[in-house]
Amino acid sequence: QVQLVESGGGLVQAGGSLRLSCAASGRTFSSSTMGWFRQALGKEREFVAAISWNGGTGYYADSVKGRFTISRDNAKNTVYLQMNSLKPEDTAVYYCAAQGSNNRYDYWGQGTQVTVSS
């Protein structure tokens, strides 16, 4: 059974940092693009960042560019999201996702809450 398990969320003051982790099990995603998405209360889920299979290319939403960094460790089947200079508008449930063979995000974690206080 494929599982993506996020961790590292929590409550932080504005300007602070958090590092999210997403550990995959059940299959290897070393050849897959992986990404982070978020959903704030009452809003639609939105793209945050993605990383190519070898970690060579990162993609970011404009709202997080320069503040967030996505990385991966294929040996650990884990992807990370380093979040710096956090703002209250970053408050959301953050989800990890992995692309399947059809290059769609077919695999999703259960989410981890990030709350940024002002």
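Trainee: A salt bridge is a side-chain nitrogen of Lys or Arg within 4 Å of a carboxyl oxygen of Asp or Glu. How many does a search of the whole structure find?

Mentor: Four. Some ground rules before the details. This is a predicted model, where local features need pLDDT of at least 70 and side-chain atom pairs count only at pLDDT 80 or more, while totals for chains, interfaces and linings use all residues. Residues are numbered from 1 along each chain as its sequence is written, and side-chain values use heavy atoms, with hydrogens and water left out.

Trainee: Fine. Which residue pairs with D62 in a salt bridge?

Mentor: K65. The N to O distance is 3.1 Å.

Trainee: Is D62 buried or exposed?

Mentor: Exposed, at 66% relative accessibility. The cut-offs are under 20% relative accessible area for buried and over 50% for exposed, with partly exposed in between (1.4 Å probe, protein chains only).

Trainee: And what does D90 bridge to?

Mentor: R67, with the closest N and O atoms 2.8 Å apart. That pair links distant parts of the chain, 23 residues apart. D90 sits in the loop between β8 (78-83) and β9, and R67 in the loop between β6 (58-60) and β7 (68-73).

Trainee: How are those strands assigned?

Mentor: They are DSSP runs, numbered from the N terminus: E, at least two residues, for a strand, and H or I, at least four, for a helix.

Trainee: Back to the D90 pair. Is D90 buried or exposed?

Mentor: Buried, at 1% relative accessible area. R67 is buried as well, at 11%.

Trainee: Which residues are linked in a network of salt bridges?

Mentor: R38, E46, R67 and D90.

Trainee: How do β4 and β5 pair?

Mentor: Antiparallel, over five bridges. Strand β5 is residues 46-51. Two strands count as paired if DSSP finds at least two bridges between them.

Trainee: What about the hairpin of β4 and β5?

Mentor: Six residues lie between the strands. Among them, G42 takes a positive phi near 80°.

Trainee: How many bridges join β4 and β9?

Mentor: Six, again in the antiparallel sense. Strand β9 runs over residues 92-99. Q39 stands opposite V93 in β9.

Trainee: There's an open sheet of four strands too. What is the order?

Mentor: β1-β3-β8-β7, with antiparallel pairing. The edge strands are β1 (3-7) and β7, each pairing on one side only. Neighbouring strands of this sheet are turned by 15° against each other on average, direction ignored. The axes are lines fitted to C-alpha atoms, for helices over the stretch in contact, and angles run from 0 to 180 degrees between N-to-C directions.

Trainee: How many bridges join β3 to β8?

Mentor: Six, and the two run antiparallel. Strand β3 covers residues 18-25. C22 has V79 in β8 as a bridge partner.

Trainee: How many disulfides does a search of the whole structure find?

Mentor: One. The criterion is a pair of cysteine sulfur atoms within 2.5 Å. The disulfide joins C22 to C96, S to S 2.1 Å. C22 lies in strand β3 and C96 in strand β9, so the pair ties together parts that are 74 residues apart in sequence.

Trainee: What is the handedness of the disulfide?

Mentor: Left-handed, because the torsion about the S-S bond is about -75°.

Trainee: Are the cysteines C22 and C96 buried or exposed?

Mentor: C22 is buried, at 0% relative accessible area. C96 is buried too, at 0%.

Trainee: Last topic, backbone. What phi does S85 have?

Mentor: A positive one, about 50°, although S85 is not a glycine. S85 is in the loop between β8 and β9 and is partly exposed at 41%.

Trainee: And where does N103 lie?

Mentor: In the loop between β9 and β10 (105-108). N103 has a positive phi of about 60°, also without being a glycine. N103 is exposed, at 58% relative accessible area.
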